[in-house]
Amino acid sequence: MTEIAAQRDTVFERLSAAWEGRAQVRSFRWDTAPAWDQTKDDFLPELLPFADHPAFRAAPAADRERCLAAAWLAWNENQVGFELSIVIPTCVRLMQGHIPGARTPAIWATVSEALTDESYHIVLTQQGSEACREHRGLRHLKIPRSSVVTACERRQAEQPEEWQRDLILLAATVVTETVIHAHLRMLSYPPESMQPLHALVNRVHYLDELAHSGLFRAVLKASYLEMTEPQREFFASILPEPVRWFADWGFEQWAAILEQIEFPRRDEILTEARANRQVVDYSQLIKLCEELGIDAARERLVAATTA
Ligand SMILES: [Fe+2]
Ligand SMILES: [Fe+2]
């Protein structure tokens with residue numbers, strides 16, 4: 001075994017050794033969770049793409065309340081979508097040995113643990129939506145699929161080669177695991193005005209994701225080392241794309257949601273939110289690209305997100 005391969009396996013062995021004690025699926029209990037509280041916000045208002053719009057701030061309390069409840073449901077649906085269509089398929093392809101560099105028992109053990117975590121997050125987020133759907137009268141709210149997921153599927157479908165589709169999955173997973181981190185952390189430790197039950201659901205998810213960010217970075221490094229030159233070039237060209245998908249995410253969903261809950265002045269709110277869309281923080285990705293030796297990572301990411 002080469003020195004690099006030995007170091008790599010040590011990283012995965014360390015992650016694996018910690019799994020038993022860290023994995024929330026092994027320790028979280030719903031029967032100790034706080035009850036859902038009618039008086040609390042179901043979501044953090046500052047994470048809405050139109051949080052500062054005067055028409056949102058001036059909306060009647062009941063509309064604002066339903067909007068935050070819908071935001072919680074959409075957040076959870078999106079988490080399920082990312083797990084089901086991006087992260088879990090990546091874990092499966094890694095475990096089947098289709099992605100370069102991920103062919104050691106140490107990587108397989110760690111990825112199978114992550115696969116278990118992600119499957120549990122689907123259960124967790126679905127259960128975490130229940131009380132809110134019921135008590136806020138949103139049982140029939142229909143949330144369109146995340147545009148990040150549909151963009152990922154579309155780009156995969158456009159590729160003629162299986163390895164290209166696999167590398168799109170890998171890129172989308174690394175970006176997803178990086179980009180959702182900040183919002184997940186904010187929702188995990190929110191002010192007291194936010195629903196304690198929802199903070200707990202996020203915290204449980206976040207504790208697993210803290211380990212995943214290191215895991216998928218290590219998987220990518222192991223994989224990149226063994227990619228061929230055309231694979232490396234393809235990967236470098238595709239990596240900025242999921243960042244752009246995240247910059248655009250949510251607006252189509254929000255248009256459908258605000259219409260269903262009949263939110264006042266919704267067209268005006270969304271037009272302005274689109275024009276002032278939030279910037280995605282991709283500083284961690286730049287660091288990762290530099291560690292990998294991907295040339296002009298910053299320029300590629302800037303170009304993708306300002307296009
Ligand atoms: Fe997850
Ligand atoms: Fe994850």
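Trainee: Which helices do the buried residues of helix 14 pack against?

Mentor: The model is predicted, so local features need pLDDT of at least 70 and side-chain atom pairs count only at pLDDT 80 or more, while totals for chains, interfaces and linings use all residues. Residues are numbered from 1 along each chain as its sequence is written, and chains are lettered from A and ligands numbered from 1 in the order in which they are written.

The buried residues of helix 14 pack against helix 9 (229-238), helix 10 (240-248) and helix 13 (283-292); contact requires C-beta atoms, placed from the backbone, within 7 Å. Helices are DSSP runs of H or I of at least four residues, strands are runs of E of at least two, and both are numbered from the N terminus. In helix 14, which spans residues 297-306, the residues Ala297, Arg300, Leu301 and Ala304 are buried (20 or more other C-beta atoms within 10 Å; exposed means 12 or fewer, and partly exposed lies in between). These residues cover an arc of only 95° around the axis, which puts them on the same side of helix 14; the arc is taken from the directions between the helix axis and the C-beta atoms. Glu299, Ala303 and Thr306 are exposed on the other side of helix 14. An α-helix has 3.6 residues a turn, so residues three or four places apart point the same way.

The loop between helix 13 and helix 14 contains Ala296. Although Ala296 is not a glycine, its phi is positive, at about 50°. Ala296 counts as exposed because it has 11 C-beta neighbours inside 10 Å. Most residues other than glycine have a negative phi. Glu262, in the loop between helix 11 and helix 12, also is not a glycine and has a positive phi, of about 55°. Its 9 C-beta neighbours inside 10 Å are why Glu262 counts as exposed.

Helix 11 (residues 251-260) and helix 12 (residues 266-275) have axes 10 Å apart, at an angle of about 170°; axes are lines fitted to C-alpha atoms, for helices over the stretch in contact, and angles run from 0 to 180 degrees between N-to-C directions. The two helices are therefore roughly antiparallel to each other (over 145 degrees; under 35 is roughly parallel, 65 to 115 roughly perpendicular and the rest oblique). Phe251, Trp254, Ala255, Leu258 and Glu259 of helix 11 meet Arg266, Leu270 and Arg274 of helix 12.

A further pair is formed by helix 5 (residues 105-135) and helix 8 (residues 196-226), whose axes come within 10 Å and cross at roughly 155°. That angle makes helix 5 roughly antiparallel to helix 8. The contact includes Ala114, His121 and Leu124 of helix 5, and Val204, His205 and His212 of helix 8.

Finally, Gly101 lies in the loop between helix 4 (61-95) and helix 5. Gly101 is partly exposed, since 18 other C-beta atoms lie within 10 Å. Although Gly101 and Ser223 are 122 residues apart in sequence, their C-alpha atoms are 4.1 Å apart in space. Leaving aside residues up to four places away in sequence, Gly101 touches Ala222, Ser223, Leu225 and Glu226.

Technical notes:
Two residues are in contact if their C-beta atoms, placed from the backbone, lie within 7 Å.
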